[in-house]
Structure formats: structure tokens, C-alpha cells
Amino acid sequence: MGANASNYPHSCSPRVGGNSQAQQTFIGTSSYSHQGFGCESKLYSLDHGHEKPQDKKKKTSGLATLKKKFIKRRKSSRSADHAKQMRELLSGWDVRDVNALVEEYEGTSALKELYLQANLARPEARTLQKDMAELYQYKYCTDVDLIFQETCFPVHRAILAARCPFFKTLLSSSPEYGAEIIMDINTAGIDMPMFSALLHYLYTGEFGMEDSRFQNVDILVQLSEEFGTPNSLDVDMRALFDYMCYYDVVLSFSSNSDLVETFGGSQNCLDEELRAHKAIISSRSPFFRHLLQRRIRTGEEITDRTLRTPTRIILDESIIPKKYAKVILNCMYTDVVDLSVLHSSPSVGSLSEVQALVAGKLNMTRAEEAMELYHIALFLEFNMLAQGCEDIIAESISLDTLIAILKWSSQPYGSKWVHRQALHFLCEEFTQVMTSEVFYELSKDHLLTAIQSDYLQASEQDILKYLIKWGEHQLMKRIADREPNLLSGTAHSVNKRGVKRRDLDIEELREILSPLLPFVRIEHILPMNSEVLSDAMKRGLISTPPSDMLPTSEGGKSNAWLRQKNAGIYVRPRLFSPYVEEAKSVLDEMMVEQTDLVRLRMVRMSNVPDTLYMVTNAVPQCCHVITHQQVSTNQSSPPSVIANEIP
């Protein structure tokens, strides 16, 4: 039996802000919507704000509405251009070649679905139910013993009182720590295994064993009459968090690391501290479990029992800011990450708030708060909280937050799962990203990862065009960094007067783009006479023309789109949605034409008379004439017609 405090309040104290349900994030994976070939499967959209209805009405009026119409028209026109270019490419193809291209797209689409599922995969976090089952099994920090049929069952007073009215009344009569209570159950047929299963049900909401007696309605009715019918585990644990009945530990915060090491401190601020239960925090966080076990080994727990005071744990606020404490405890009791608690509780002027004010981070975004809380969750080894923070960050991905989230998730302390979601957003929304200012803030590594993907949503011509623009922007930044400080910020600086394109050093530009340009699939640039490609070749950024422009030994052009006709130059086409949809449309039209042609040929053939019937009827007469002629003529003369020969 574990150690615990011996003093419990007689009344349940309500918690401020514990009932807030706004902005809750439930742990889980996001779902995708699969359409067509899977090219339009998107994990996140560009609209992520939590806006009021009146704010949305304002945005749909006036210039905002006109701007949206222009943007929508521009997007549709771009898609129409891409579809037109693909149709022109396929105009001279055979139906079998178009079918082969569509089959290639289908295979790539299937791979994309597997790729998306792999990106969403992550280790399963331990839920409240599993941790409660482990708590009952290993008996962390128990504070009362139940004696049933000469068997001792160490349990936790707060959990049984919150879950069962029978135990709430029974335990209130023996408030001392480590009390031994002899159980007298009136329901017939209850033995030790069944009583253990009942306790397991109160901890987890499941019996934990298969027994035919639990299928007996009469026994269940008798148990419910004697013990009462508990609510769901989530409801009772929420009530336990709100009222903190029988709390036995308080959490306080200090900036003095020496004070934290000794677990001391003043008792005057007890009302400002956060109350909790050792059983819950030790079962959810290995950090708190090891901390409480160390107190047992050092004998400090005996002092708390003697003085009948709750155990005090002082945490270093530079590591675990006080403003996140309620969010952490709320997740421990409910498996819900509720950041609204940060804004609903009044300011207490803690050290973390002062540091945030000095650093200019007082008004942090929801994603920034989740990032900071994610690091705390890793420190506490609380995986459910960590994955809840990951979900909040992933939901916050948009054009405005993309760069910050990519930078944070790329660091060793960042989340690899969030990094995969951010890269997926970059690939899916690449057309919008490359036409915005966000594109020029992308690092070379993130850009390289995007253009290597087979699922990048952009045409090769646009990829080449904006890669060159990105390289020119990086070169201008280099020039600005190299100019003397005397000119920096003046009217003669590079940032003010700019740099003309012809003044850029082509060699340095080629050096910047050298890791990126090889991954542009220039064989698939449409239209065939692309000005972007011609200009890049004139400037020397691309040294060799596309392979499909080179003649083959047969005298024609090799097709780099088809695996069967690759001639060693095949490159897998990207799963670009406008190209895929247009290829499907062209194939459908060709199949209709082929079907009509076959039907027309069948109609024409049906109008031609079958001459075999005529031949069959003529054969006996022919044979009869031939035989008669052979008999009447001279034997020396050769026959002019061979018998049984069809004319």
C-alpha cells in the first residue's frame, strides 16, 4: 500500500473555471475526404479561424466579396488552362496510351492513400481508462483497505467515493488514513473474484473479467440496489476534478530552484495552490509517480501523515509555468486539452506571465500556447497531453502559420508528426503558397522536400517559374547582406532601390538553385513551347533540353509520360488534379468514340450478303458438270476444272 496524506476536507471545494467546455480538443486522428483519384484529399483548409457569425457577415460584404469573386475566377481560369494544356498533349495519342497514363495515375493515387495514412500514424497514447486500470492493478498511493472474505483490497478513497454512493457513505465514517474497513455485502453469491471485478468496474467502467454471473439480470439488479448505479467514468472524473473531494496533494510554483529541491516553502499561500489527488497524477504521469515514490523512500511522507496535512509539491515555474497547471490537471482527469482555461481564469501575476510580458509573448496564439504546452507534456511524460497539443497545432496550420509551424516542428524538440502534417499542407496548397509572400520565407530544405513529392499540387511550368523567382529573391537578400552598413536602410540600399534582373549574377543564381532544379520534371512541362523553359535555358539555368525533345532511333520523339514507351527517359508524372481529371475525361471521350465506331462497323457488315450460302448451293451442280465432262471426253486431254474446287 502506497503512502498518502491523512487529512481530507469534510466539504467538497468547487474549482474555478473547471466547467468550461469551449475550444476543447479531443485526442484522435483527422479524417480525409477521398474524391476521384485522391488528388483533392486535404487534411486542412485555408480557413481556420474561430469567428463569430457577425464577423463572417461583415467579411462577405463590399470589397471582400468582390475580392473573393476575383480569386475564385482566377483559380478556375488557371485550372481551365491546365486542362487545356493536357488535352492538347493527349490529342495525338492513341486510346491505349491514354489508358496507360490513366492507369499510372490510378497507381499513384493508391500510393498516395497509403502515404497519407502513414503520415497520420503515431504511437497510441494511454487513455484515462487504461491508466485507471493500471492504478487498480499496481496500487499507487492507496489510502484505505477494504477487507472482504479475509482478503485485503488496497483502494483509493476519492475514486470510490466519486464513483459509488455506497462507498461514499461508507468511507465518510472512517476518514483516517489507512483505515481498514470490513465489507458486509448483502447480495448473495458475491465471492472474492466477483468483488474484485466490481472494484475494477468502479475504476475503469469495465468488469475486467468474463463471468456468467454478470449476465444474470437478478444479480445486477441486486448490486445496483445495494451499491447504486454509477455514472460514466468521464462524468464522475469531471465531477472529481471540479470539486476535489478528498484531495491529498497541492501543487505550488516557485522560481527558486533550491526551494523546489527541498519541497519546502511558506504555508500562507495554500489557498492559491492547486489541489489534486496523488492517485490520479501518479497514474497519468511517470514524472509525478517517481517524485512521490522518492518522498516515500526519504521518509517525508511520514511527516505529512503525522501532521495530517496534504503533500505539497513545489514546481519550478521556469519549467512548468503556473498558467498551464489547470490545463494539465484537466487533461489528467478528463483526457481533454482545453486551452480556454488559460483565458477564463483571472491573472495572478505569476513569474511566467512576467517573463512573457518582457519577451513580448503576452498575447500568444493558440498554436504557440500548444507548442509551449507540448514541451511540458514531454517533460511530464504525459503522452495524452502531448498528442492533444499536436492536434491543436495541426488544426491551426494555414498560410499565416505555415512558416512558424514548419520551423518549430523541424527542431529536435519539435513534433515530427506535426512536421509531416505541415509538409502535407504545403504540398496540397502549393499553388496558393507559391503565389504568396510566404513562399519566399520557405527554407531550401522544406522546398526541396515539397518538389520531390509525387503528390505536389502544381504544374511543372509553375514549379520552375516560381523556383527561379525564389532563387532571385534569395540572391537579392545576399546582395543586401553584403552591402556596407553605411548604405543599409538608406535610399541607395538594395532594399530601397531594388536590383534589376540583368544585374543578377547568373553563376551565383545557378549555385542557389542547383539543389532544386534537378527535381523539376522538365519532361512534363506544358505547353511544349513553354516560354518559362526557353527563358531558363537561355539563361543557362537548365543546360540540357527535355529528353522527350530528343529524337529516337526510330525517328520519332520518345514519350516521357508512359512507362511502356520510355526509351530510358520515363519520369513518373505528378498526381496534379487538373491533369488527372482531364486525362480521365479524354479517355472517356475516346472510349465513346471507339464504341460508336465498332457499332458502325457492325452495322455495315450486316448489310453485306453472305456468299457462303451461294457457294454451298453451287457446289453440287459444279461437281455434277465436272464429272459428266470427264466421262464423255477423251482421257488423254487434261481436265480444265478440278473436281470439288470452289471457284
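Predicted model: local features only at pLDDT ≥ 70, side-chain atom pairs only at ≥ 80, totals over all residues.
View 1. Strand 4 spans residues 179-182. A179 and I181 make up its covered face. E180 and I182 make up the uncovered one. Strand 2, residues 144-148, runs parallel to strand 4. Four bridges join the two.

**View 2. The open sheet 3-2-4.** Three strands build this sheet, in the order 3-2-4. The sheet is open, and its pairing is mixed. Strand 3 (151-155) and strand 4 are the edge strands. Each of them pairs on one side only. From one strand to the next, the twist averages 25°.

View 3. Y140 sits in the loop between helix 4 (128-138) and strand 2. Its relative accessibility is 16%, so Y140 counts as buried; the cut-off for buried is under 20%. Leaving aside residues up to four places away in sequence, Y140 touches E134, L135, H156, A279, S282, R289 and Q293. S283 is 143 residues from Y140 in sequence. In space, the C-alpha atoms of Y140 and S283 are 7.3 Å apart.

**View 4. The open sheet 6-5-7.** This sheet also has three strands, here in the order 6-5-7. It is open, with mixed pairing. Strand 6 (274-276) and strand 7 (311-316) stand at the edges. Each has a single partner strand, so one side of each lacks a neighbour in the sheet. The twist averages 30° from one strand to the next. Strand 5, residues 249-254, pairs with strand 7 in the parallel sense. Six bridges link strand 5 and strand 7. F253 stands opposite L315 of strand 7.

View 5. Helix 12 (residues 286-298) lies across strand 5 and strand 7. Helix 12 runs at about 125° to strand 7. Helix 14 (residues 325-334) packs on the sheet and touches strand 5 and strand 6. The direction of helix 14 makes about 15° with that of strand 6.

**View 6. Helix 22 against helix 23.** Helix 22 covers residues 444-451 and helix 23 covers residues 460-482. Their axes come within 13 Å and cross at roughly 170°. That angle is why helix 22 is roughly antiparallel to helix 23. K444, L447 and I451 of helix 22 make the contact with I463, L467 and W470 of helix 23. By class, the contact has five nonpolar residues, no polar ones and one charged.

**View 7. Helix 3 against helix 20.** Helix 3 (residues 95-120) packs with helix 20 (residues 416-428) at an angle of about 145°. The axes are 9 Å apart. From helix 3, the contact draws on K112, L116, A118, N119 and L120. Helix 20 contributes W417, R420, Q421, H424 and E428. The residues of this contact divide into four nonpolar, three polar and three charged.

**View 8. The chain as a whole.** The chain has 647 residues, of which 45% count as buried. It holds 28 helices and eight strands. Consider contacts between residues at least 6 apart in sequence: 76% of them join residues at least 24 apart. The chain exposes about 34900 Å². Carbon and sulfur atoms supply 54% of that area.

Definitions and conventions: Residues numbered from 1 in each chain as written. Heavy atoms only, no water. Buried < 20%, exposed > 50% of the residue type's maximum accessible area, 1.4 Å probe, protein only. Pairing = 2+ DSSP bridges. Contact = heavy atoms within 4.5 Å. Areas by Shrake-Rupley, 256 points an atom, 1.4 Å probe, with all protein chains shown as cover. Axes fitted to C-alpha atoms, helices over the stretch in contact; angles between N-to-C directions. Parallel < 35°, antiparallel > 145°, perpendicular 65-115°, else oblique. Nonpolar A, V, L, I, M, F, W, Y, C, P; charged D, E, K, R; others polar.
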